[in-house]
Amino acid sequence: MERLRHDDPSRLGPYLTLARLDADSFDGGAVPERRYLARTADGERTVLLCAPLPDAAAPAAWAMEAELASRLSVPRFLRPASQGSEAGLPWYAVPYAPVLPLPAALAAHGGPLPEDLVRRLGAELAAGLAAAHARGQAHAGVSPAAVLIGAAGPLLGCFGAVRSAAPGGPPGLDPGCLAPELRSGGRPEPLGDVFALGAVLAYAASGHTVPEQSELPPGLRRLLASCLARDPADRPSAPQVLHALSTTGPARTPAPAAAPAAAPAATVLDEQAPPPLPGRVVAALAAQSSELLASELPAAPPARPAPQKVH
């Protein structure tokens, strides 16, 4: 949790903003939207509240992407539960559960995440992307800041950040996550999501979206290199990435995608619990929850002085 700034809204729709989810800056790029922890005035509902950046070029396009996301039922995609507009500023809200943006999770852990956790998180995200791609829909906003880490596994937010941005790319999206075809003005496609996923996993494993090969765990180097191929035809599909990450032992380099991805087959992920998080990350999630609870409590009235006897 971060303190609100002077330019943050105090209220959006029925929600009072309590704190920012994201720090002002971190190693991993800024965030392509504003995200707040908020609650209703009666204290009954606590939410993660999202809105476009103050200098967003197309708030209406951002709102359209939020509407599309609310109609998608895709595993691991953050799904808006309600949305609206306040003084021309669109917003959407999802029920609150303690989550840390991936950069905050690395900061809490004190560095890159363990390889087995990176593989499991990557498999969960690849499964979600595979399900979306099977419907002909690209996420178009995958980045370290878009990945929210919680006890129930990762979620992907910032849906459609590339589609709703002005020419030149969305502010706040790490340039290392933009596939070459997007940087040159191409349309978001599923294999662009695969490139961005490769950059996210590289970040989780090294602390950088564009690391040196030597900074990556040996078991992930070939797979991530294939995801980050400049030519989309040389990248694997999301189901192939899922399969490579779900196998035991070193990750294998899947063959490049040759045809539109089909819906992913059942994998070992289907009946397993979310990956155990490092202790410091769990502690940071608990701290966020307790701080939010404390912020919702009314201030205690000042103690009354003890009556004085008059002689």
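Predicted model: local features only at pLDDT ≥ 70, side-chain atom pairs only at ≥ 80, totals over all residues.

## Aromatic pairs and a helix contact

Tyr15 is buried, as its relative accessible area is 2%. Trp91 likewise counts as buried, with a relative accessibility of 6%. Three aromatic pairs are found in a search of the whole structure. Tyr15 and Trp91 form an edge-to-face aromatic pair. This pair links distant parts of the chain, 76 residues apart: Tyr15 belongs to strand E2 (residues 15-20) and Trp91 to strand E6 (residues 89-95).

Trp62 and Tyr92 are a stacked pair. Because Trp62 lies in helix H1 (residues 59-71) and Tyr92 in strand E6, the pair ties together parts that are 30 residues apart in sequence. Trp62 counts as buried at 8% relative accessibility, and Tyr92 counts as buried at 5%.

The geometry of these two pairs is as follows.

| Aromatic pair | Centre to centre | Angle between planes |
|---|---|---|
| Tyr15 and Trp91 | 5.7 Å | 85 degrees |
| Trp62 and Tyr92 | 5.4 Å | 25 degrees |

The helix packing is considered next. Helix H3 (residues 115-134) packs with helix H7 (residues 238-246) at an angle of about 155 degrees, and their axes are 8 Å apart. Angles over 145 degrees count as roughly antiparallel, and H3 and H7 are therefore roughly antiparallel to each other. The crossing of H3 past H7 is left-handed. Residues making the contact include Arg119, Gly122, Ala123 and His133 of H3, and Ala238, Pro239, Leu242 and Ser246 of H7. By type, the residues of this contact comprise eleven nonpolar, three polar and one charged.

Definitions and conventions
Residues numbered from 1 in each chain as written. Heavy atoms only, no water. Axes fitted to C-alpha atoms, helices over the stretch in contact; angles between N-to-C directions. Helix = DSSP H or I, 4+ residues; strand = E, 2+ residues; numbered from the N terminus. Parallel < 35°, antiparallel > 145°, perpendicular 65-115°, else oblique. Left-handed = near helix turned anticlockwise from the far one by under 90°. Contact = heavy atoms within 4.5 Å. Nonpolar A, V, L, I, M, F, W, Y, C, P; charged D, E, K, R; others polar. Phe/Tyr/Trp six-rings, centres within 6.5 Å; stacked < 30°, edge-to-face > 60°. Buried < 20%, exposed > 50% of the residue type's maximum accessible area, 1.4 Å probe, protein only.
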